[in-house]
Amino acid sequence: MQVSNKLTPFFENLNFERDDNTMVINFGPQHPSAHGQLRLVLELDGEQVVKAYPDIGYLHRGIEKMAENMTYNEFLPTTDRLDYIASTSNNYAYALAVEKLLDIEVPRRAQAIRTMLLELNRIISHLFFVATHALDVGAMSVFLYAFREREFAMDLMEDYCGARLTHSAVRIGGVPLDLPEGWLENLAAFCDKVDHEVEHTYGALLNENRIWKMRLEDVGVISAEDALSWGCSGVMLRGSGVKWDIRKEEPYELYQELDFDIPVSDRCDSYGRFRLYMEEMNQSTRILRQLIPLYKDTEPQLMAHAPRYISATKEDIMTQNYALMQHFVLVAQGMRPPRGEVYVPTESPKGELGFYIKSEGEPYAYRLKCRAPSFFHTGLLQDLLVGTYLADVVTIIGTTNIVFGEVDR
Amino acid sequence: MAQHQVNYASSAGLPIALTSVDKLVNWGRSNSLWPLTYGLACCAIEMMASGASRYDFDRMGTIFRASPRQADVMILAGTLSKKHSEFARRLYDQMTEPKWVISMGSCANTGGMFNTYATVQGVDRIIPVDIYLPGCAPRPETLQYAMMMLQKKIRRESADMKKNTKQDLTTQTGKRARLI
Amino acid sequence: MRKYVPKDNVQKKAYYTDRYHVVPTVPQSEVKSGLYFDTILTTLGDAVNFSSIQLGQLVIHINPEDNFQVMKTLKESCGYLQCSEQSAVDYLAKDNEFELFWQLLNVSVAKRIRVHCRLANGAAIESIEPLFKSANFAEREMFDMFGIKVNNHPFLKRILMPDDWEGHPLLKTYPLHGDEFASWYEVDKIFGKEYRDIIGPENRDPAKIDIEDTKRFSRVGYEVPFGTEYNGEEENDIEYSETALVNYNKKTSKQLDERR
């Protein structure tokens, strides 16, 4: 007769508590959090992560291949969908790369407008970061407050270019539209509002919050060598003590003339990065306030003058015959840039966004490679998640600020 | 669109007659549609914005649920890539009846601007869709209009819910097949 | 007989090129001796086949066998601690080679270097993952998209495409819309091969119009003239005019084919 006791239980084939028993769970491609389609295969020992393997590619849409089949101007709205939270920064990085290839100079008013749009997109992206990071960690009301501010920013973008999310607000050679009436006043009011909110709402709710600090301090620590080796850029580098911002080191547009600081943190953890994002929003409003008088004393020329590559202004096209013919050829066949290659890095809100364009003189790019900051930050998760608890996994994914449009392209 | 007063007790001139049990069930179902958070790409951001402060989704009784077992509506927002299509279908199968699908944005409707090797050209190749919502990305008000359109559709249905979606196909041999 | 279409590069090409069109090139300048980039070149020695400065960045060409050594020198002696980007360009149609490039960044001096090498078709490249961890993902992507094998990589598996995908998408021979395997992938995976004819082929024509489409638009049949109130009760019949509307989906007639 079989007797069961603690030493010999009835079910002999079942394994109970063994010390080396790890559980493999799938942090699947469908998330309740905001970050998109990341599949993490986590091997857990109890609650601690032993091994993490990020599986990406669930949003791969073949954007680089599309670039080989579309003309340069045609491809610009597709770049919107890379980092879809701050679309103008991708448009701008692409336009800058093509302009470097063509070696044309953008007029000053267009530069002012572009810088304003870039900084506005930076604020939009950082507000989104604060909202979703807080939502992931658990502070859900900050999500609603940040989205309220974001709606005002998107109203501004909509007044300018007509779209809330996928802007295409920048063209190769300049900008297509001038600022509408009253936009600058609304922008100034928005800057005041953001400054006020960063200090009094998000700052007051989160900065010295005990629970927030406990959740975020010493979580996701990256040393500076690891960050550089993994190809991190942007806030990930600055949060680890490396003072590197492309707007200061390899400046483009009007950043050389503007006065702003680069916040750097030595803490190397998520709390430091969070404070950096908040501080960067303040710096962005500072830049925007300096740009408003700068815009006012520029001549009203919006597109570069390069008849081989860029069409004339709309008034000329509608009245002059040769401008119409040139515009037709440029739209129907596409412009042919010089043969060669270019790689231009820009500081997008997520990090270093750059486009490598190799052209053979054809109207279609021979190879376009988009250097997406989030791609390398996702790779970093392999090393970063080991040894953390499951609750910290969500915090770390949030703090890397990854957007899957960029990762998978 | 400005149809604020909905008369739940009438049949609204439909070809079929709804019993009062049907109308009660439809009232319950349409006013508390719980979406499954299925944001894939850019449209997900607009879906989140429609659930956030300005365009509040909660006033329609929707609560975004993460688990497919607890959700009624699957709002497919964004591009469905071929790698992901298997999981989308699996999540659709795991949803319990009654379930509806809103396909949001041009990428989910027809593949959108991504006419490439890695995108599914329209979610309705693998999942039967009730409401198609065009736009790139559609405004949050458009998503709410689609939700209201879905509510109207639900109120017209009888409670046993025979599916009436676009995928009503005839195979080469002449058999009528339906993607369910 | 149909016109011969070369299959070694199926990407879109310009349909017309002016006969006297001269293609300019991006200006390349010599590396001037004594300045910063010259010290890099002397450190690397004769591993460099060709060097020039393009648009403020140093571009050097090396042999593919030396890539690990060159990267090691650049990292340890010259301080290029970050490999920003790494990928390949497909020149199989022209020279039967790939051109790989690595983009390096020196944070302390704020300078960038691009290293190029030409890799023959079928050859493999040595992984630089021990030096720069970003190569872990970047080389996997290069393998996935081009089929270039990487030696000594810790985990060389497909990253962006599904694991059982056949074909390497970014090659010039791979069509944008995907080959036959790609077009039926999701149907085969989810439902099985029998459903191929139930679901039907993909619609790759963005301009396809179906006369039945508008039947399912919301509010169709309940339109009212501009300015009047919408009461949502009266239904109008939809009229499709066969004379005014042209059906563009029909196949071209025999007459047009003859004229072509």
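This is a predicted model: local features need pLDDT of at least 70, side-chain atom pairs count only at pLDDT 80 or more; totals for chains, interfaces and linings use all residues.
Me: How confident is the predictor in chain C and in the complex?
Reply: Chain C averages a pLDDT of 81, and 80% of the residues score at least 70. For the complex, the predictor gives an ipTM of 0.83 and a pTM of 0.88.

Me: Which residues of helix α2 (residues 67–76) of chain C are buried, and what puts them on the same side of α2(C)?
Reply: The buried residues are C:Asn67, C:Val70, C:Met71, C:Thr73 and C:Leu74. Because they cover an arc of only 160 degrees around the axis, they lie on the same side of α2(C). C:Gln69 and C:Glu76, on the other side of α2(C), are exposed.

Me: What do the buried residues of α2(C) pack against?
Reply: They pack against α1 (36–44), β3 (57–62), β5 (97–106), β6 (111–120) and β7 (125–126) of chain C.

Me: How many residues of chain C and chain A take part in the contact, and what area is buried between the chains?
Reply: Chain C contributes 60 residues and chain A 59 residues. Between them the two chains bury about 5,100 Å², 55% of it on carbon and sulfur atoms. In chain C, the residues that lose the most area to chain A are C:Lys133, C:Phe137 and C:Leu160, together 13% of what that side buries.

Me: Why is the pair A:Asp383 and C:Lys133 called a salt bridge?
Reply: A salt bridge requires a side-chain nitrogen of Lys or Arg within 4 Å of a carboxyl oxygen of Asp or Glu. The closest N and O atoms of A:Asp383 and C:Lys133 are 3.7 Å apart, so the pair qualifies. The count between chain C and chain A is eleven salt bridges, and there are 28 residue pairs in polar contact between these chains.

Me: Which element gives the most to the side of chain C that touches chain A?
Reply: β4(C) gives the most, with nine residues. Elements that each supply at least two residues to that side are β3, β4 (82–91), β5, β6 and α4 of chain C.

Me: How do you know that A:Glu341 and C:Arg114 meet in a salt bridge, and are they buried or exposed?
Reply: Their N to O distance is 3.3 Å, which is within 4 Å, and therefore the pair is a salt bridge. The pair crosses between chains, from strand β4 (residues 340–348) of chain A to strand β6 of chain C. Both A:Glu341 and C:Arg114 are buried.

Me: Why is C:Glu180 called exposed but C:Arg196 partly exposed?
Reply: The relative accessible area of C:Glu180 is 54%, which is over 50%, so C:Glu180 is exposed.

Me: What makes C:Glu180 and C:Arg196 a salt bridge?
Reply: Their closest N and O atoms are 3.9 Å apart, which is within 4 Å, so the pair meets the definition. The pair links distant parts of the chain, helix α5 (residues 180–183) and helix α7 (residues 196–199) of chain C, with C:Glu180 and C:Arg196 being 16 residues apart.

Note on methods:
Residues are numbered from 1 along each chain as its sequence is written. Chains are lettered from A and ligands numbered from 1 in the order in which they are written. Side-chain values use heavy atoms; hydrogens and water are left out. pLDDT is the predictor's confidence in each residue, from 0 to 100. Buried means under 20% relative accessible area, exposed over 50%, partly exposed in between (1.4 Å probe, protein chains only). Helices (H or I, at least four residues) and strands (E, at least two) are DSSP runs, numbered from the N terminus. The arc is that of the directions from the helix axis to the C-beta atoms. Contact means heavy atoms within 4.5 Å. Buried area is the accessible area (1.4 Å probe) that two parts lose on being put together, summed over both. A polar contact is a pair of N or O atoms within 3.5 Å; within protein, one must be able to donate a hydrogen and the other to accept it, and residues adjacent in sequence count only if both atoms are side-chain atoms.
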